[in-house]
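These are my notebook entries on a structure that I looked up. The sequence and the structure come before the entries.

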Amino acid sequence: THCISSAASDVYKRQALAIASLFLGLASLMGCSESGDRSPVESLELAPVSNGVGSPNPDVTEAEALEYAAEWVKAANLGDTVSANRLLAGRAILDRALDPLGLSASAKSRFDSTGPEMIEGLATSISSLVKAGGAYSMVRVLQRGANRHVMLRLELSDGAFNYHDIKLSRRNGRVLGDQVFVAVTGEALSDTLRALISPTIMAQSSLLSRLSDKAKKELKQLKQLQSMAEAVRDGKHETALEIYSEMPRELQRNRVALLCRIRATSIEDEEEYLAALNECAEQFPNDASTAFILLDAALLTEDEALLLRSFETMNTWTGGDPWLNVVIASALVTIGSMERADEIMRAVEIDDLGSLVLHDIAVCVTLEVGNHAATLHHLTKMVDVYEAEFEDLTALNGWDAFMGSPEYVQWSERSK
């Protein structure tokens, strides 16, 4: 377990930093998103979570949304690509990707297989991560404007995480997901798909010649972003930063360009790294991807205010997730914010979340804040419910206060 196997706080800090670093790397390779009037094609915006008061009634009921979420989670966990394609409206996602480019019907038909392939890739990727020790589950059903959505959480075995938001609609009598939004990229898959398709269009002069000047500009930008992302992927960080420096200023403010800049900048160069983080956060202050950036910056600078801002942004985007409370509380412990960590931890009932990992993280938090009763509770749950095994606690650093408590006496008695 995390806390038992490595008590040193600097180990936890490096693990926590990896949460953001890993997903920034994934984000930089997943496509392009544009903001405001800086690009000819505007990305699909995700409406804020509604509180239900005065909101229109969605055409999908909450019960139907719950049923859909259960089917989607099952398909994704198993890598069942047939069911995944049945549950997502691939045509609608593909049309959203292609329509802004102004392609003719015959030109668009060349990409008919792209939608199903994208959905198959998504399901297969999730399944692979789950089989490697991760988890994929529903967080909640929520409403955004007049539409019902389901929020899902993807956890990796190393502690990294991400959220998916699927917008639901009724099509020909069936409930389908017609858009998928990814928290760490801050955009819809349709916008990501446009970026992936653009090199093919750029390489085919017959298609390129039919595009408007605005669409051609969009594709040229996507090509530059792709080159930078490929350099990052291949570990050519200096090349990536050179590509960034040669971009026009409007393109440098693009989300993917900023994410690639972060990924290419050495964390050892703290000043430059923080500058890259801060610029991205300033450009997209309320974006889900910003929360991951703020998390990285907060852990690097040990800034409680930034960490809480990251937490608030993620909570706003997801509609709230008790699992996230535990993760953020753990991060607060790594930067020494014990009181806030304890406050955030107490707001959730971990027993109801059904997770050994969260009990493990909770032990780390309660141990640091000196809540011995809670430490005993979580240790007991880990053994009784999840059959966890522990080595001798006296051999670990950081347990002295607990071992001097009456709760440790109780633990010792039951461990005999």
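Which atom does a side-chain oxygen of serine 355 reach at the start of helix 19? I found the backbone nitrogen of valine 357, to within 3.4 Å; a polar contact is a pair of N or O atoms within 3.5 Å, where one must be able to donate a hydrogen and the other to accept it, and residues adjacent in sequence count only if both atoms are side-chain atoms.

I noted that this is a predicted model, in which local features need pLDDT of at least 70 and side-chain atom pairs count only at pLDDT 80 or more, while totals for chains, interfaces and linings use all residues. Residues are numbered from 1 along each chain as its sequence is written, and side-chain values use heavy atoms, with hydrogens and water left out.

Entry on helix 19. I looked up residues 356-369; helices (H or I, at least four residues) and strands (E, at least two) are DSSP runs, numbered from the N terminus. Of its 14 residues, 10 are buried, so helix 19 is largely enclosed by the rest of the structure. Buried means under 20% relative accessible area, exposed over 50%, and partly exposed in between (1.4 Å probe, protein chains only). Among the buried residues I listed Leu358, His359 and Asp360. Just after helix 19, glycine 370 takes a positive phi of about 80 degrees.

Entry on lysine 216. I located lysine 216 in helix 10 (residues 213-233). Lysine 216 is partly exposed, at a relative accessible area of 32%.

How values were computed:
Expected span 1.5 Å × (residues − 1).
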